[in-house]
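Hi,

Here's the structure I promised to pass on. Have a look at it first, and then read my notes below.

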Amino acid sequence: AFGVIADIQFADAEDGHDFGGYRRRYYRHSLRLLREAVREWAGESPPIDFVLQLGDSIDGQNARRGEAENALQQVLEVLGQLSVPVHHAWGNHELYNFSRARLVHTGLYSRAAGGSDGPPDRECHAYHCSPAPRLRLVVLDSYDTSTLGRDPGSPHYQESLRVLREKNTNDDLNSPEGLKEPHFVAFNGGFSQAQLDWFDEVLKFSDENQEKVIVMAHVPIHPCASNGVCLAWNYEAALSVIHTHRCVVCVLAGHLHDGAYCQDLHGVHHLTLEGLIETPPHSNAFGTVHVYEDKMVLKGRGRIPDRVMHF
């Protein structure tokens, strides 16, 4: 069993709204809701084995307020009360607050705890581990190709900007207005070829060893588990790798605060978790997933519905 939570986006700030000005965001309360989640996970029976934090642990406004380090420390202290590993995805809000080079030296660099089972680029936050027999977790870095968190003078940044500008002709690169492919916005990102090649090799190993694989990333990689905008730039390439193999049973993501779900034509479940940040203080948004030989059962809390996903 394992815990799941997405888009905590904590800031020690008064409530605000999303970028459209319509959706309320409960910045300060998100930490209290996280504490409730941690308390419940700590009391689970049978006990959970790990937690997946699906990205955007703190809000971007912390950078403007000079509070990024302190906000992250508060979130990590709450999660640190658990006696099990926490696997972190990197989201756009992590990269609004920190450079990749800095993130490598924070508690969000869970690749370090997972050993060196990742791509050669140490700043690519992708890795895999086996938390139980015949079960493998693969953490993907959906901002490996991105303008966020990179030095503007670096080849990585320049190539990402070229890809983005090729697809997005708007002055505001965060705007999907009028785009044929509205997911090509700066608050999304994609996967480098090096990461996809590594991912392919991991899945090949799992096929050969008859493992079930759970994949996690911040940005959804299936259009039906998205709103069409919150979607990885080269999601087709990631799906192509998954569908070349038999082992992947579920892809977990955050980023889209409304949440979404689909089972694709290859039988893979794509679950996008509702965001904690837009959850009113009297509710919550987290879950516990129980893994069986033939299914995963999500027991949701608050905004997260229960779900049974058969393999």
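Before the sheet makes sense, you need one rule: two strands pair if DSSP finds at least two bridges between them. Strands (E, at least two residues) and helices (H or I, at least four) are DSSP runs, numbered from the N terminus. This is a predicted model, so local features need pLDDT of at least 70, side-chain atom pairs count only at pLDDT 80 or more, and totals for chains, interfaces and linings use all residues. Residues are numbered from 1 along each chain as its sequence is written, and side-chain values use heavy atoms, with hydrogens and water left out.

Strand 1 (residues 2–5) runs antiparallel to strand 12 (residues 285–291), and 3 bridges join them.

On to a helix pair. The axes (lines fitted to C-alpha atoms over the stretch in contact, with angles from 0 to 180 degrees between N-to-C directions) of helix 1 (residues 29–42) and helix 3 (residues 68–79) come within 9 Å and cross at roughly 15 degrees. Helix 1 and helix 3 are therefore roughly parallel (angles under 35 degrees). In contact (heavy atoms within 4.5 Å) are Leu31, Leu34, Arg35 and Val38 of helix 1 with Gln74, Val75, Val78 and Leu79 of helix 3.

Cheers

How values were computed. Parallel < 35°, antiparallel > 145°, perpendicular 65-115°, else oblique.
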